[in-house]
Amino acid sequence: TSGVPASIKACSELAPEIAIDLSKQFDAKVTRVSLKHRNPLIGAPDSWEQLVLTEFDDNKAILSSNTILEKSAIVNEPRGFYFRYMQTLVVKPVCLSCHGRKSDITTAVESRIEKNYPNDIAKNYDLGDIRGAISIKKLIK
């Protein structure tokens, strides 16, 4: 309701808070990851997530308005076996206001992004691109 510049706060503050709450609720790590992340501290993928994101990108041609790409696996890691799950986040028209090409992003939004994310690489997306994914990692006991 406050416009695109104000919505940056939702992505930078509210979404991570929701992920933290879900992680606590389900005793798992819930996060958003991307090959082109905005915040490397919370958006950089681990090696399994990188492989899956690359696989998603390689298969994005099969996406339509009625489909999603997702992957799950049981992964053996040094600390034990983990259930892993990822589901794509696809670029919608509203996403281009912050993640599109320079011509899509207003000066006010660009200024806010530069202030909040000095190391931003989450731009130059086109409609239908895979922006990243929701990732869930849970230790199997």
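Start your tour by selecting Arg-84, which sits in strand β3, a stretch covering residues 80-90. Keep in mind as you look around that this is a predicted model.

**Stop 1: Arg-84**

Is Arg-84 buried or exposed? Its relative accessibility is 0%, so Arg-84 counts as buried, the cut-off being under 20%. Now show its side chain together with that of Glu-77: a polar contact of 3.0 Å joins the two.

Which other residues surround Arg-84? Leaving aside neighbours within four places in sequence, its contacts include Asp-46, Trp-48, Lys-71, Ser-72, Ala-73 and Val-75. Ser-135, Ile-136 and Lys-137 are also among them. Colour these three, and you can find them again in strand β4, which runs over 130-139.

**Stop 2: the whole chain**

Zoom out and switch to a cartoon view. You can pick out five helices and four strands. Follow the chain along its sequence, and the elements come in the pattern α-β-α-α-β-β-α-α-β. Along its principal axes, the C-alpha trace spans about 50 × 35 × 25 Å. For a chain of 141 residues, a compact globule would have a radius of gyration near 14 Å, and the 16 Å found here agrees with that.

Of the 141 residues, 33% count as buried. If you colour by charge, look for 20 positive and 17 negative side chains; the centres of the two sets lie 3 Å apart.

How does the chain fold back on itself? Take the contacts between residues at least 6 apart in sequence: 64% of them join residues at least 24 apart.

**Stop 3: Ser-23 and the end of a helix**

Select Ser-23 in helix α1, which covers residues 4-26. This serine is buried, with a relative accessible area of 15%. Look for the backbone oxygen of Ala-19: it lies 2.8 Å from a polar atom of the Ser-23 side chain. Beyond its neighbours within four places in sequence, Ser-23 is in contact with Ala-28, Lys-29 and Val-30.

**Stop 4: two residues with a positive phi**

Move along to Asp-27, in the loop between α1 and β1 (29-33). What is the phi of Asp-27? It is positive, about 50°, although this residue is not a glycine. Most residues other than glycine have a negative phi. Asp-27 counts as partly exposed, at 46% relative accessibility.

Now jump to Asn-124, in the loop between α5 (107-116) and β4. Asn-124 has a positive phi of about 70°, and it is not a glycine either. Its relative accessible area is 39%, which makes Asn-124 partly exposed.

**Stop 5: Ile-42**

Finish at Ile-42, found in helix α2, residues 40-43. With a relative accessible area of 42%, Ile-42 is partly exposed. Which residues does Ile-42 touch, not counting those up to four places away in sequence? They are Pro-16, Thr-31 and Arg-32.

For a last exercise, draw a distance from Ile-42 to Ser-111, C-alpha to C-alpha. These two residues are 69 apart in sequence and 21 Å apart in space.

Methods
Residues numbered from 1 in each chain as written. Predicted model: local features only at pLDDT ≥ 70, side-chain atom pairs only at ≥ 80, totals over all residues. Heavy atoms only, no water. Rg over C-alpha atoms; globule rule 2.2 N^0.38 Å. Buried < 20%, exposed > 50% of the residue type's maximum accessible area, 1.4 Å probe, protein only. Contact = heavy atoms within 4.5 Å. Lys, Arg positive; Asp, Glu negative; His and termini not counted. Charge placed at Lys NZ, Arg CZ, Asp CG, Glu CD. Polar contact = N/O pair within 3.5 Å; in protein donor to acceptor, adjacent residues only side chain to side chain.
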